[in-house]
Amino acid sequence: MQKKIKTEKKNIINKTLSTDSEQKKIISNIDKTKKKIIKLIKEKKNIKLRYYADIDNFIKQNEKEIKLIQNDKFKNFLKSITPIIDKIDYLVKISINSNSIQNTIIEGIQLTFNLFEKNLKTWNISRINKTNIPFNPEIHILAKNNQITDSTNNKIVKKIKKNGYIFKKEVIQKAIVTI
């Protein structure tokens with residue numbers, strides 16, 4: 001009988017120990033699962049943040065491209081309209097010197113020219129039409145009858161044959177000058 005009690009005692013102790021070790025395994029598995037879940041949640045959050053960053057970058061890149069396209073379109077428009085402005089400028093110059101053209105026509109041409117000038121300033125377009133300044137090959141072209149010499153950089157612009165134009169610090173058309 002005592003043997004039986006001892007055996008039962010041992011069985012109970014072994015069962016308790018085995019349940020404790022099983023419980024530890026279960027707790028360990030639960031902890032591992034929690035860590036995996038936390039890791040997955042962090043990965044999901046990172047993926048979501050990368051997704052939003054990609055969308056934001058895509059939007060910014062498209063906005064830049066749209067601005068470049070708009071600038072290019074405007075520069076092309078400006079290039080196409082500069083001959084018209086030059087012709088009106090020429091008409092103003094010859095009409096002032098001519099007595100045969102009626103004053104109303106001269107005034108109309110002058111008003112049209114002034115309107116063009118005002119709009120050019122509104123659109124950040126400036127004319128290259130200054131004289132008595134040093135020749136600058138970045139904004140000036142020598143007229144055909146002038147010879148290019150090594151000392152051209154030291155020469156002064158005497159006369160503007162054809163105006164040049166600058167749009168947002170970019171030369172659209174160089175001025176044709178004599179030195």
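**Pocket, sheets and aromatic rings**

Mentor: Let us begin with the largest pocket, where α1 provides the largest share of the lining, namely seven residues. Please keep in mind throughout that this is a predicted model.

Trainee: Which elements each supply at least two residues of the lining of the largest pocket?

Mentor: The lining consists of Pro83, Asp86, Lys87, Asp89, Tyr90, Lys93, Ile94, Ile160, Lys161, Lys162 and Asn163. Seven of these residues come from α1. The elements that each contribute at least two are α1 (2–97) and β3 (159–162).

Trainee: How many residues of the lining of the largest pocket are charged?

Mentor: The lining includes Asp86, Lys87 and Asp89, as well as Lys161 and Lys162. Four lining residues are nonpolar and one is polar, while the number of charged residues is six.

Trainee: What volume does the largest pocket have?

Mentor: Residues such as Tyr90 and Ile160 are among those that line the largest pocket. The volume of this pocket is about 290 Å³.

Trainee: In the open sheet with mixed pairing, what is the order of the three strands?

Mentor: The edge strands of this sheet are β2 (140–142) and β3, each of which pairs on one side only. β3 is joined to β6 (residues 175–178) by three bridges, and the two strands run antiparallel. From one strand to the next, the twist averages 45°. The order is β2-β6-β3.

Trainee: Which residue in β6 does Lys159 stand opposite?

Mentor: β3 covers residues 159–162, and β3 and β6 run antiparallel. The residue in β6 opposite Lys159 is Thr178.

Trainee: Another open sheet has antiparallel pairing; in what order do its three strands lie?

Mentor: Strands of a sheet pair through backbone hydrogen bonds, either parallel or antiparallel. In this sheet, β1 (residues 125–128) and β4 share four bridges, whereas β4 and β5 (residues 170–173) share three. The strand order is β1-β4-β5. The edge strands, each pairing on one side only, are β1 and β5.

Trainee: By what angle are neighbouring strands of this sheet turned against each other on average?

Mentor: The sheet in question has the order β1-β4-β5. With direction ignored, its neighbouring strands are turned against each other on average by 35°.

Trainee: Which residues of β4 point the opposite way from Gly164 and Ile166?

Mentor: β4 comprises residues 164–167, and Gly164, Tyr165, Ile166 and Phe167 are all buried. Ile125 stands opposite Phe167, and Gln173 in β5 stands opposite Tyr165. Gly164 and Ile166 point one way, and the residues that point the other way are Tyr165 and Phe167.

Trainee: How many residues lie between β4 and β5 in their hairpin?

Mentor: Lys168 belongs to the turn of this hairpin and has a positive phi of about 50°. Lys169 is placed in the loop between β4 and β5. The number of residues between the two strands is two.

Trainee: Is Lys169 buried or exposed?

Mentor: Lys169 has a positive phi of about 65° although it is not a glycine. Its relative accessibility is 84%, and the cut-off for this class is over 50%. Lys169 therefore counts as exposed.

Trainee: Where is Asn124 found?

Mentor: Asn124 is a residue other than glycine, yet its phi has a positive value near 60°. Its place is the loop between α2 (103–122) and β1.

Trainee: How many aromatic pairs does the structure hold, and which residues do ring pairs link into a cluster?

Mentor: The number of aromatic pairs is four. Phe74 and Phe77 form a tilted pair, with 6.1 Å centre to centre and 45° between the planes. The cluster linked by ring pairs consists of Phe74, Phe77, Trp123 and Phe167.

Trainee: Why are Phe74 and Phe77 separated by about one helical turn?

Mentor: Phe74 is buried, with a relative accessible area of 16%, whereas Phe77 is partly exposed at 45%. Both residues belong to helix α1. Because they are three residues apart in that helix, their separation is about one helical turn.

Definitions and conventions
Residues are numbered from 1 along each chain as its sequence is written. This is a predicted model: local features need pLDDT of at least 70, side-chain atom pairs count only at pLDDT 80 or more; totals for chains, interfaces and linings use all residues. Side-chain values use heavy atoms; hydrogens and water are left out. Buried means under 20% relative accessible area, exposed over 50%, partly exposed in between (1.4 Å probe, protein chains only). Two strands pair if DSSP finds at least two bridges between them. On a 1 Å grid over the protein atoms alone, a cavity is a set of points where a 1.4 Å probe fits but cannot get out, and a pocket is an open set with protein on both sides within 12 Å along at least five of seven lines; lining residues have an atom within 4 Å of a point. Grid points are joined across faces, edges and corners, and a volume is the space filled by probe spheres set on the points. Ala, Val, Leu, Ile, Met, Phe, Trp, Tyr, Cys and Pro count as nonpolar, Asp, Glu, Lys and Arg as charged, and the others, Gly among them, as polar. Axes are lines fitted to C-alpha atoms, for helices over the stretch in contact, and angles run from 0 to 180 degrees between N-to-C directions. Rings of Phe, Tyr and Trp (its six-membered ring) pair if their centres lie within 6.5 Å; planes under 30 degrees apart count as stacked, over 60 as edge-to-face and the rest as tilted.
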